[in-house]
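Please look over the sequence and the model shown here before reading the notes. The points that follow are grouped by topic.

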Amino acid sequence: MTPQDATTEKPSAPPPAMRFLRMNQVEERIGLEKRTVQRMVSAGDFPQPIQIHERAVGFLESEVDSWMAWRIALRSPNSNAPTKWAGWLEAQGGRP
């Protein structure tokens with residue numbers, strides 16, 4: 001490798017940072033109220049919250065983003081997107 005090659009190589013992108021969203025942030029982000037989100041979680045139609053402290057839960061931002069992408073995919077009339085969140089996760093290899 002020449003010194004010139006070293007300056008033209010692009011560094012690999014760092015992995016996306018994991019971030020927890022609290023319920024109020026989720027509500028604001030997706031435009032639904034807490035009770036609706038809780039019902040969707042219970043029905044398996046929204047990502048499960050994660051216990052981040054004794055009295056605090058959060059949602060992984062990447063899972064919320066993936067859920068939003070799934071909802072957008074369902075909008076298309078010729079979409080092959082699964083109609084259930086679990087099916088979307090499975091189609092994504094089990095990860096958002």
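The briefing below goes from the overall fold to the sheet and the helix packing.

This is a predicted model, in which local features need pLDDT of at least 70 and side-chain atom pairs count only at pLDDT 80 or more, while totals for chains, interfaces and linings use all residues. Residues are numbered from 1 along each chain as its sequence is written, and side-chain values use heavy atoms, with hydrogens and water left out.

**Overall fold and confidence**

- The protein chain has 5 helices and 3 strands, where helices (H or I, at least four residues) and strands (E, at least two) are DSSP runs numbered from the N terminus.
- Along the sequence these elements follow the pattern α-β-α-α-β-β-α-α.
- The mean pLDDT of the protein chain is 84, with 80% of its residues at 70 or more; pLDDT is the predictor's confidence in each residue, from 0 to 100.
- Where pLDDT is low, the predicted coordinates should not be read in detail.
- Of the 96 residues in the protein chain, 24% are buried, a term that means under 20% relative accessible area with a 1.4 Å probe, protein chains only.

**The sheet**

- The 3 strands form an open sheet in the order E1-E3-E2, with antiparallel pairing; two strands pair if DSSP finds at least two bridges between them.
- E1 and strand E2 (50–53) stand at the edges with a single partner strand each, so one side of each is left without a neighbour in the sheet.
- E2 and E3 run antiparallel and are joined by 3 bridges, and Gln-51 has Val-57 in E3 as its bridge partner.
- Helix H4 packs on the sheet, where it touches E1 and E3, and its direction makes about 50 degrees with that of E3 (axes are lines fitted to C-alpha atoms, for helices over the stretch in contact, and angles run from 0 to 180 degrees between N-to-C directions).

- The 15 residues of H4 (residues 61–75) should span 21 Å at 1.5 Å a residue, which agrees with the 22 Å between its end C-alpha atoms; the expected span is 1.5 Å times one less than the number of residues.
- The buried residues of H4 are Glu-61, Glu-63, Val-64, Ser-66, Trp-67 and Trp-70.
- What covers these buried residues includes strand E1 (20–21), helix H2 (23–30), helix H3 (34–43), strand E3 (56–60) and helix H5 (85–91).

**Packing of H2 and H3**

- The axes of H2 and H3 come within 10 Å and cross at roughly 95 degrees.
- The two helices H2 and H3 are therefore roughly perpendicular to each other, a class that covers angles of 65 to 115 degrees.
- Their contact (heavy atoms within 4.5 Å) is made by Met-23, Val-26, Glu-27 and Ile-30 of H2 and by Lys-34, Val-37, Gln-38 and Met-40 of H3.

Technical notes
Buried < 20%, exposed > 50% of the residue type's maximum accessible area, 1.4 Å probe, protein only. Parallel < 35°, antiparallel > 145°, perpendicular 65-115°, else oblique.
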